[in-house]
Amino acid sequence: MAETAPSQIRGQLLSLEEFFIVFGMVVLLCSWYLADVFGGWRYMYGPSIHLAVIMGIRMWWLPESPRWILLPYGGKETGMI
């Protein structure tokens, strides 16, 4: 994200990314607590499995990173980006 974000909002986007990482950890800890209260570790995986499958399928349509294109082609095709 840092390599393609405009310089005016680059810091905000990276801070937002870190916020969502920490928010996910808090949600995970809450789900561990609820799974322990209701007596099953399997309940912890249920809400996240469908989201992981959706994210895995959608990764096929993500654009390639300019850094990834630069490595094998030596910068010939990076002018298009």
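This section describes the fold, the model confidence, the aromatic contacts and the surface of the protein.

The structure is a predicted model. The mean pLDDT of the protein is 76, and 64% of its residues reach 70 or more. Where pLDDT is low, the predicted coordinates should not be read in detail.

The protein contains three helices and zero strands, and its elements follow the pattern α-α-α along the sequence. In an unreviewed UniProt entry, the annotation "transmembrane region" covers residues 12-35 and 41-61. In the model, the span of residues 12-35 is 100% helix and 0% strand, and its end C-alpha atoms lie 34 Å apart.

Of the 81 residues of the protein, 6% count as buried.

The aromatic contacts were examined next. A pair of aromatic rings is described by the distance of the centres and the angle of the planes. By the rule that ring centres must lie within 6.5 Å, the count comes to two aromatic pairs. Phe19 and Phe20 form an edge-to-face pair, with 5.3 Å from centre to centre and 65° between the planes. Phe19 and Phe23 form the stacked pair: their ring centres are 6.1 Å apart and their planes meet at 20°, and planes under 30 degrees apart count as stacked. Together, Phe19, Phe20 and Phe23 form one aromatic cluster.

Phe19 has a relative accessible area of 47% and is partly exposed. Phe20 is likewise partly exposed, at 48% relative accessibility, and Phe23 counts as partly exposed at 46%. These values fall between the limits of 20% for buried and 50% for exposed residues.

Ala35 is also located in helix α1. Ala35 counts as buried because its relative accessibility is 7%, which is under the 20% limit. The C-alpha atom of Ala35 is separated by 9.5 Å from that of Tyr45, a residue ten positions away along the chain.

Tyr45 is also one of the residues of a nonpolar surface patch, together with Ile49, Val53, Ile57, Trp60 and Trp61. The accessible area of these residues together is about 790 Å².

How values were computed. Residues numbered from 1 in each chain as written. Predicted model: local features only at pLDDT ≥ 70, side-chain atom pairs only at ≥ 80, totals over all residues. Heavy atoms only, no water. Phe/Tyr/Trp six-rings, centres within 6.5 Å; stacked < 30°, edge-to-face > 60°. Buried < 20%, exposed > 50% of the residue type's maximum accessible area, 1.4 Å probe, protein only. UniProt positions renumbered as here; feature names shortened; annotations may be inferred. Helix = DSSP H or I, 4+ residues; strand = E, 2+ residues; numbered from the N terminus. pLDDT = per-residue confidence, 0-100. Patch = residues over 30% accessible without salt bridge, like charges linked within 9 Å, V, L, I, M, F, W, Y side chains within 5 Å. Areas by Shrake-Rupley, 256 points an atom, 1.4 Å probe, with all protein chains shown as cover. Salt bridge = Lys/Arg side-chain N within 4 Å of Asp/Glu carboxyl O.
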